[in-house]
Amino acid sequence: MPSGLDAFTSEGRFFRGNVHTHSTRSDGVRDPSDVCAFYREAGYDFLCLSDHFLSRFGFPITDTRGERTNRFTTLPGAEVHAPANSHGDIWHVLAVGLPEDFAPTAPEETGVALAARCHAAGAFVGIAHPQWSSLTIEDGRAMAGHAHAVEIYNTSSALETGRGDGVSFWDALINEGYRHLSGYATDDAHFKVADHGHAWMMVKAPANEPEALLAAMKAGHYYASTGPAIHALSIEDGEAVVETSEVGHIAAVGRGCRGVTVSSPRHGGMVTRARLPLRSFAGDWVRIVAVGHDGRTAWTNPVYL
């Protein structure tokens with residue numbers, strides 16, 4: 001069971017990456033080389049081009065190995081699809097780290113079976129944009145056993161439909177006992193609008209190499225962000241001790257409305273450190289959020305107390 005503390009105590013350093021992105025290999029408008037160049041030049045450490053794994057696009061697992069440098073790496077992957085969620089729509093499942101010879105989706109294959117096959121093939125499996133898809137808790141239960149994580153923020157969904165948030169869906173599954181689920185943020189960039197460079201994972205790994213990054217992601221050794229940095233998290237004497245970049249608020253949140261927040265006493269002021277008492281979370285779970293005055297947010301994975 002991953003803990004939100006692991007990203008701050010495990011070996012290595014943080015690497016910034018986006019794992020949900022599209023190119024002209026499916027429905028994006030920039031070719032793979034241009035997409036990789038954008039993220040490389042924007043200061044990202046790694047990228048997964050997750051083109052839609054559908055027959056009309058030739059079931060692509062886009063080869064980006066030629067875009068790697070000594071400072072930037074890529075992971076193979078795809079956004080896979082099969083019937084059917086509770087609305088009768090196809091599933092959207094992120095699979096990072098798929099092998100190149102991953103077999104095309106069979107005509108009779110369900111979305112849950114496809115996710116299980118991705119998991120068995122060694123991929124990091126994420127439940128993509130649950131709010132955009134209007135997934136129900138029943139959908140979450142069906143998929144959770146084969147997923148590592150929930151997509152808790154999706155830039156493209158937020159900009160185009162106002163449905164970018166997946167935190168409530170994630171929390172509901174955690175409350176039901178699916179404590180292995182971590183939460184990641186992505187762009188889901190198609191480059192048709194300004195949907196690139198706004199959300200990422202900060203993965204703690206011993207090296208910026210595909211195998212090390214993938215292992216760290218599966219272990220939950222990361223936090224998610226649309227702006228703020230979380231530099232440190234520890235539990236000391238019944239308090240969460242948090243260090244961040246300059247933000248407006250640092251909060252601990254948990255089941256239901258349980259929460260405690262530290263803000264600057266000055267209107268519009270900034271905080272970078274907080275000690276958050278955890279008495280009300282005893283025996284359950286808590287995660288940390290750091291929120292800027294502009295609404296940009298960073299989320300740790302849950303800590304189980």
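**Entry 1: the sheet.** I looked up an open sheet of three strands, ordered β12-β13-β16, and found the pairing antiparallel. Strands here are DSSP runs of E of at least two residues, numbered from the N terminus, and two strands pair if DSSP finds at least two bridges between them. β12 (230-236) and β16 (271-277) are at the edges with a single partner strand each, so one side of each has no neighbour in the sheet. I noted an average twist of 15° from one strand to the next, with axes being lines fitted to C-alpha atoms and angles running from 0 to 180 degrees between N-to-C directions.

**Entry 2: basis.** The model is predicted: local features need pLDDT of at least 70 and side-chain atom pairs pLDDT 80 or more, while totals for chains, interfaces and linings use all residues. Residues are numbered from 1 along each chain as its sequence is written, and side-chain values use heavy atoms, with hydrogens and water left out.

**Entry 3: β13 and β16.** I then followed strand β13 (residues 239-247), which six bridges join to β16 in antiparallel fashion. Glu243 stands opposite Arg273 of β16.

**Entry 4: His196.** I located His196 in the loop between β9 (182-186) and β10 (200-205). His196 counts as buried because its relative accessibility is 18%, the limit being under 20% relative accessible area (1.4 Å probe, protein chains only). Its side chain makes a polar contact of 3.2 Å with that of Asp195; the term denotes a pair of N or O atoms within 3.5 Å, one able to donate a hydrogen and the other to accept it, and residues adjacent in sequence count only if both atoms are side-chain atoms. I also recorded 3.5 Å between a polar side-chain atom of His196 and the backbone oxygen of Val193. Beyond neighbours within four places in sequence, His196 is in contact (heavy atoms within 4.5 Å) with Phe38, Tyr39, Asp187, Ala189 and Phe191.

How values were computed: Helices (H or I, at least four residues) and strands (E, at least two) are DSSP runs, numbered from the N terminus. Buried means under 20% relative accessible area, exposed over 50%, partly exposed in between (1.4 Å probe, protein chains only).
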